[in-house]
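Trainee: Could we walk through this structure together, one question at a time?
Mentor: Happy to! Have a look at it first.

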Amino acid sequence: MDPEIRLRGCQIDKNGQAWLYAAQGVTMITKNKQRLVFNETNGLPLENIRVVYEDRFGNIWFGSEGKGLLRFPGLDFVYFNQQTGISSDLILSASIDRDGSYWFGTYDKGIAHMKRDRTFESFALEHSNTVW
């Protein structure tokens, strides 16, 4: 990685691959130390990534700062944004519950909940709608 890049975080997936993320995109490092960079030239609609999360099915999720959610099942990106029903395109955090539904913290709209049927509901918070 470029030494000028300030990493925001790292997620280790179930295969032992490291997913490093920053405002300049995502770099995946395999167990064999091979690197694969995800940026605007190869599929990311925006390089500014705030969170990377792996669900129990092995899908990798990217929360972007401005283009919503991106699911990477291993071949192509699947996009979830305000046009597809999520309340915000500014995703800061992610989690999955025991029932298999997803919860996302947003910068401006509180919590977004993706139910198992892939529909969304949102929850505004009383004091702040920024959920890190």
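This is a predicted model: local features need pLDDT of at least 70, side-chain atom pairs count only at pLDDT 80 or more; totals for chains, interfaces and linings use all residues.

Trainee: Is Ser-87 buried or exposed?
Mentor: Its relative accessible area is 18%. The cut-off for buried is under 20%. Because 18% is under that cut-off, Ser-87 counts as buried.

Trainee: Which strands stand at the edges of the open sheet?
Mentor: Four strands form that sheet, in the order β9-β10-β11-β12, with antiparallel pairing. Each edge strand has a single partner strand, so one side of it is left without a neighbour in the sheet. The strands at the edges are β9 and β12 (120–123).

Trainee: What is the bridge partner of Ile-91 in β10?
Mentor: Strands β9 and β10 (residues 102–106) run antiparallel and are joined by five bridges. Thr-106 is also among the residues in contact with Ser-87, leaving aside neighbours within four places in sequence. In β10, Ile-91 has as its bridge partner Thr-106.

Trainee: How many residues apart in sequence are the parts that the pair Glu-65 and Arg-50 ties together?
Mentor: Glu-65 and Arg-50 form a salt bridge, with their closest N and O atoms 2.6 Å apart. Glu-65 lies in the loop between β6 (60–64) and β7 (69–72), whereas Arg-50 is in strand β5 (residues 49–54). The pair therefore ties together parts whose separation in sequence is 15 residues.

Notes. Residues are numbered from 1 along each chain as its sequence is written. Side-chain values use heavy atoms; hydrogens and water are left out. Buried means under 20% relative accessible area, exposed over 50%, partly exposed in between (1.4 Å probe, protein chains only). Contact means heavy atoms within 4.5 Å. Two strands pair if DSSP finds at least two bridges between them. Helices (H or I, at least four residues) and strands (E, at least two) are DSSP runs, numbered from the N terminus. A salt bridge is a side-chain nitrogen of Lys or Arg within 4 Å of a carboxyl oxygen of Asp or Glu.
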